[in-house]
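Hi,

Here is the structure I promised to pass on.

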Amino acid sequence: MRLRPLALALVALATMGQAAPSPQPPPQVLFGPLFEAVQAARLYPDSKTFADATPREAPDAVMAAWRAEQPQGPAALRAFVNRHFVVPAEPGARPSLREHIAALWPQLTRPALTPPPGSSALAMPQPYVVPGGRFREIYYWDSYFTMLGLKADGQDALIAGMLDDFDSLVARYGFVPNGTRTYYLGRSQPPFLALMADLDPRHDAATAARHLAALRAEHAFWMKGAAAARKSGASARVVRMPDGSLLNRYWDDAPGPRDESWREDVATARASGRPADQVCTDLRAGAESGWDYSSRWLGDPARLETIRTTQIVPVDLNSLLWAQEKAIARRCAEAGDRACAADFAAQADARARAIQRWLWLPAQGRFADWDRESRQASPRVSAATLYPLFVGLARPDQAQAVARLVRAQLLAPGGLRTTPLRTGQQWDDPNGWAPLQWIAHEGLLRYGEGDLAAQIARAWLGTVQAAYDSTGKMLEKYDVEAHAPGGGGEYPLQDGFGWTNGVTRVFLERYEPKG
């Protein structure tokens, strides 16, 4: 018997139906509580978006990870989804963080600059990257963290040009100013130049010699006043400790209120009841620290007018100078200058002994700042305690103790707290800052605390992602308690933002899938 065409079609359809595999359950059934959590949190404006997401691994593996991690809050939930699913782009959706950061580099890059007469800008021989917002010039310590992201995005030529700019600044002024403005020529910032030089893609002898010369000049800048400090107790940026060893503090060689914050400094000095020039020097020194401002520098954490930065011997600064001395010794040895290598190795050893004696508190398990007036360690706990780990100066037992302190006092839902104190100053709780996330991450990783390092990085990524989703911006600082934009300080929250882009870009490379 011959089948009619319609019958043949029905037989074919039946056969196909018998051969086809049974469909998977719908996402609501397949992912159960995870699906409900994502939809209830409104991670995506269109509910269909997550319903159409593709898991990166077997659904059972995704749900096992979900049960193990139990991510709490929208930022942590989004970070989990991004790790385990490919989520389709929504119509009109913003580009991914990776794409947004890559698009920001050209916007933040400035050409070589010859300032017009009367301008406060300093000349720059090569193109450079600015932080963004009100920060229209290159800034010293910001640039190290910016360069990390530039390196991840293959921007080696821009890194090389920025290093030429910094070497040029040292050649002209004897140090790297806070920023490239005439009103910054009284102070520097945390000395990251040695670490920046290690990012240079060039390895020729001439470049190495230029970097070494710049580092030696910068070291001389920080140690200017050493002879006077041995007699008086402190001079410029050098402080004599009770045993006669020398450490460093933040300072500013220029007098009076800061040009860029004149009105604010005048008001702070007036409220202090102390000599105005003394208050302004402490405000300027706080600006050199990069932590402008923090309870680290205040007599009364609630009152900026009690600032006393020049009385504090900071653990972060001295850790960086130890790393600088080690780098100079290494570079001198590579250049065949054995006398220089021996000299700077000895200086590094002396500094390490002083840090261990005066800036380590075994009973509290932390590195601390030293208070010259009280002649004891500062009671202020801060993320600066991680700098000796970052540079490799800490012992393994000290690193373990610091990791315990981080878990107990500095680890927040959205990253690393700057301090546990909520004062209204921007370098205190609830704010977290990209450079400190990196310092903590790299320091903990160096000493085998990989889980804690990853926890900080992933929490930070969740915070940055949540703020980006709500604002479309990369910000200067973040509220790591609420996964939100940060606040406090002397000026409005800035977007751009160089060091946030840099640190976030590297964390994305390490902790977030590319799909």
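To start you off: in which loop is Y293 found? Y293 is in the loop between α14 (276–289) and β8 (312–313), where helices (H or I, at least four residues) and strands (E, at least two) are DSSP runs numbered from the N terminus. P430 has its place in the loop between β14 (415–416) and β15.

A word on conventions before the rest. This is a predicted model, in which local features need pLDDT of at least 70 and side-chain atom pairs count only at pLDDT 80 or more, while totals for chains, interfaces and linings use all residues. Residues are numbered from 1 along each chain as its sequence is written, and side-chain values use heavy atoms, with hydrogens and water left out.

The overall picture

The protein has 21 helices and 17 strands. Its C-alpha atoms fill a box of roughly 115 × 50 × 45 Å, taken along the principal axes. Of the 515 residues, 56% are buried; buried means under 20% relative accessible area, exposed means over 50%, and partly exposed is in between (1.4 Å probe, protein chains only). If you look at contacts (heavy atoms within 4.5 Å) between residues at least 6 apart in sequence, 67% of them join residues at least 24 apart.

Helices

Take α3 (residues 32–40) and α5 (residues 59–69), which pack at an angle of about 70 degrees with their axes 9 Å apart. The axes are lines fitted to C-alpha atoms, for helices over the stretch in contact, and angles run from 0 to 180 degrees between N-to-C directions. That makes α3 roughly perpendicular to α5, on a scale where under 35 degrees is roughly parallel, over 145 roughly antiparallel, 65 to 115 roughly perpendicular and the rest oblique. P33, L34 and A37 of α3 meet V62, M63 and W66 of α5 in this contact. Sorted by class, that gives six nonpolar residues, no polar ones and no charged ones. For the classes, Ala, Val, Leu, Ile, Met, Phe, Trp, Tyr, Cys and Pro count as nonpolar, Asp, Glu, Lys and Arg as charged, and the others, Gly among them, as polar.

Further along, α16 (residues 338–358) has 21 residues and reaches 30 Å from its first C-alpha to its last, close to the 30 Å expected at 1.5 Å a residue. The expected span is 1.5 Å times one less than the number of residues. Its buried residues include C340, F344, R351, Q356 and W358. F344 is 14 residues from R330 in sequence, and the two are 8.8 Å apart in space, C-alpha to C-alpha. R330 lies in helix α15 (residues 315–334) and is partly exposed, with a relative accessible area of 35%.

D316 also lies in α15, but it is buried, with a relative accessible area of 2%. Leaving aside neighbours within four places in sequence, D316 is in contact with Y250, W291, R296, A384 and Y387.

Strands of a sheet pair through backbone hydrogen bonds, either parallel or antiparallel. Here, two strands pair if DSSP finds at least two bridges between them.

Three bridges join β6 (residues 238–240) to β7, and R240 stands opposite L246 in β7.

The other open sheet runs β15-β16-β17, with antiparallel pairing. Its edge strands are β15 (431–432) and β17 (484–485), each with a single partner strand, so one side of each is left without a neighbour in the sheet. β16 (residues 478–479) pairs with β17 over two bridges, and A484 of β17 is the bridge partner of D479.

R42 has a positive phi of about 55 degrees although it is not a glycine; it is in the loop between α3 and α4 (48–51) and is exposed, with a relative accessible area of 65%. R375 also has a positive phi of about 55 degrees without being a glycine. R375 lies in the loop between β11 (370–371) and β12 (376–377) and is exposed, at a relative accessible area of 54%.

Cheers
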